[in-house]
Every structure is written in structure tokens, then in C-alpha cells.
Amino acid sequence: MRIMIINPDYGMTKEEMEERCRILSGFIGEDVELSMECLTKSRVYLDSALDAVLAGPEILEMAIKAEKEGFDAVVIYCFSDPALDACREAVSIPVVGGGQSSCLVSMMLGRQAGIIITDKRRMPEKMAFRYQTGLMPDNIHAIHSVDLAQVDVWKEREETVERLTQTGKRLIEEEGAQVIILGCLSLLGLAEPLAKRLRVPVVDSAVAAVSMAESLVRQKLFTSKMAYAFPPKGERRWSSGSVRIEINNDDFT
């Protein structure tokens, strides 16, 4: 089985992507081959809904290429699930994203989940995102953000887990969350130590997405074209451009 993981952040190094695949391989069958590629044409880092739109065309292009190259499933390595529906329309193999996968997994473990995100500016976007997961909004009981400014998530693991722990405790004690979802795939590998501290299940969005893709392939399932019909035949073209944002939130305070 071969799974293509599309990382929508531009500029990831080969070593960084290989390290993520190495960690993820510990959660899947030995017969599963993981490959990860990132955007190379679109110089975008997914920090907003705007970025998700701009990354969409290249993500779609990569998903189509993966199916043609014989991959059995595609994983979109982002909690925002950018271009997920478009990819499902364009290919017939399963396409899963970190956001929907982790939310669905959480409901097998508890009745209400809480999400930890890494940027409080995106709180309204993530609240709306709940409606796209297939769950009732009340199932995602609350969303809190963790302050990871000035923290290198990959190098300062203990500090990262400590901050996640404090945010997780607030979700549990103040919001009644029974399951915690890590709402950023850069937090890969931190679910287990966090669960030991919080004593509730913690869902790693990256692991959930890859495991879900593996499960769908093993069950010989595919994307329903009754739900995600192929678009009308014909070539689509777009030109690469750029967008510059000249103002920020400080201008409105």
C-alpha cells in the first residue's frame, strides 16, 4: 500500500519530511509505504483561510499526480483540510485531511471533544470548520489556543507539552471536554505524553489522517462519485501570481 502525504506548507526540507514519515510509520502496518511532498510552486504557509485558498491549486495538482502514479490514498497534511472537496472530486482514491479525520476519531472515544489550536486569530475560522467535519457542532465542545510563540515545537518538546497541558486542563475543567484534539499537525508525536498528563484521550491529527487513509484502503473503499462527482471534462488553467497584505490587526486597535 502506498499513501501520498501532501504537506501544504512551502519549503519543507527532504529531511524534515522524512522525519515526519518515520514517526507516522510507527502507527501503521509494515506494508504501508509513506511518501511526503510539499508545495514547491506556491510559496504559501498555511496561517489563514487566505493561505488555504492560495495553496489549493497545487494541492489539487499533486493529488491528481499521486493517483496517476499508483498511490492508493492521499492525505492532506493540514488541520484546515485545504482543497479537500476539490481533490475528492478530481480523483477516485480516498483523500483524507487531518481536521475531519481527527474530529471523527474523537467521537469514537468520547461525547464532547476540545480542540487545541496554535493561533488564536483563527478561532472564528475553526469554529465554522466544525460544520465541515460531519459532526454536530456540539460534539466539538470548545476550541482553545495555546501560546507557542518563541517555542520551537520540534526542539523544545518538554516546553511544548507543558503549554499544551495547561491549555488541555482548561478545556477539560472549564469546558467539559472528554477528548482532546491536537489542531495542528506540527504537534505530531505529542499526543501520547499529553494524554498521560491529562488522563483523557488525545488525538494526534497527523496520525489520525494517515491511519484513516490506511483503513479505507484496507477496506477497499473509494470516494463516492455520487457525493463527489467528477467535474465536467476539460482543461483548467491558472497563472501563478502573488498577494501582498499591507495591513494587520494592530491597525484596527
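This is a predicted model: local features need pLDDT of at least 70, side-chain atom pairs count only at pLDDT 80 or more; totals for chains, interfaces and linings use all residues.
User: Where should I begin with the strands, and in what order do β1, β2, β3 and β4 stand in their sheet?

Analyst: The general idea is that strands of a sheet pair through backbone hydrogen bonds, either parallel or antiparallel. Here four strands form an open sheet in the order β2-β1-β3-β4, and the pairing is parallel. At the edges stand β2 and β4 (residues 95–97), each with a single partner strand, so one side of each is left without a neighbour in the sheet. On average, and with direction ignored, neighbouring strands of this sheet are turned by 25° against each other.

User: How many bridges join β3 and β4, and which residue in β4 is the bridge partner of Val-75?

Analyst: Three bridges hold β3 and β4 in the parallel sense, and the partner of Val-75 is Val-96 in β4.

User: What is the strand order in the sheet that contains β5, β6, β7 and β8?

Analyst: This is an open sheet of four strands with parallel pairing, and its order is β6-β5-β7-β8. The edge strands, which pair on one side only, are β6 and β8 (residues 202–204). Its neighbouring strands, too, are turned by 25° against each other on average when direction is ignored. Within this sheet, β5 and β6 run parallel and are joined by five bridges, and Ile-115 stands opposite Ile-143 in β6.

User: Which strands do helices α1, α7 and α4 lie across?

Analyst: Helix α1 lies across β1 and β2 and runs at about 150° to β2, while α7 (residues 191–198) lies across β7 and β8 at about 170° to β8. Helix α4 lies across β3 and β4, running at about 75° to β4.

User: Is helix α4 mostly covered or mostly exposed?

Analyst: Helix α4 (residues 98–106) is mostly covered, with seven of its nine residues buried. These buried residues are Gly-98, Gly-99, Gln-100, Ser-101, Ser-102, Cys-103 and Ser-106.

User: What should I look for in a nonpolar core, and which residues touch the most other members of the largest one?

Analyst: In soluble globular proteins, nonpolar side chains tend to be buried together. The largest nonpolar core here has 38 residues, and Ile-5, Leu-24 and Leu-34 touch the most other members. At least two residues of this core come from each of β1, α1, β2, β3, β5, β6, β7 and α8, and the largest share, eight residues, comes from α8. Leaving out residues up to four places away in sequence, Ile-5 touches a set that includes Leu-24, Leu-34, Val-75 and Val-210. A second, separate core of 20 residues includes Ile-6, Ala-52, Cys-87 and Val-91.

User: Loops remain. Why does Pro-8 count as buried, and which residues are in contact with Ser-42?

Analyst: Pro-8 is found in the loop between β1 and α1, and its relative accessibility is 1%, which is why it counts as buried, the cut-off being under 20%. Beyond its neighbours within four places in sequence, Pro-8 is in contact with residues including Leu-39, Ile-59, Tyr-77 and Pro-82. Ser-42 is found in the loop between β2 and α2, and Ser-42 is buried too, with a relative accessible area of 16%. Under the exclusion of neighbours within four places in sequence, the contacts of Ser-42 are Tyr-10, Leu-54 and Glu-58.

Terms used: Residues are numbered from 1 along each chain as its sequence is written. Side-chain values use heavy atoms; hydrogens and water are left out. Buried means under 20% relative accessible area, exposed over 50%, partly exposed in between (1.4 Å probe, protein chains only). Contact means heavy atoms within 4.5 Å. A nonpolar core is a set of buried Ala, Val, Leu, Ile, Met, Phe, Trp, Tyr and Cys residues joined through side-chain atoms within 4.5 Å. Two strands pair if DSSP finds at least two bridges between them. Axes are lines fitted to C-alpha atoms, for helices over the stretch in contact, and angles run from 0 to 180 degrees between N-to-C directions.
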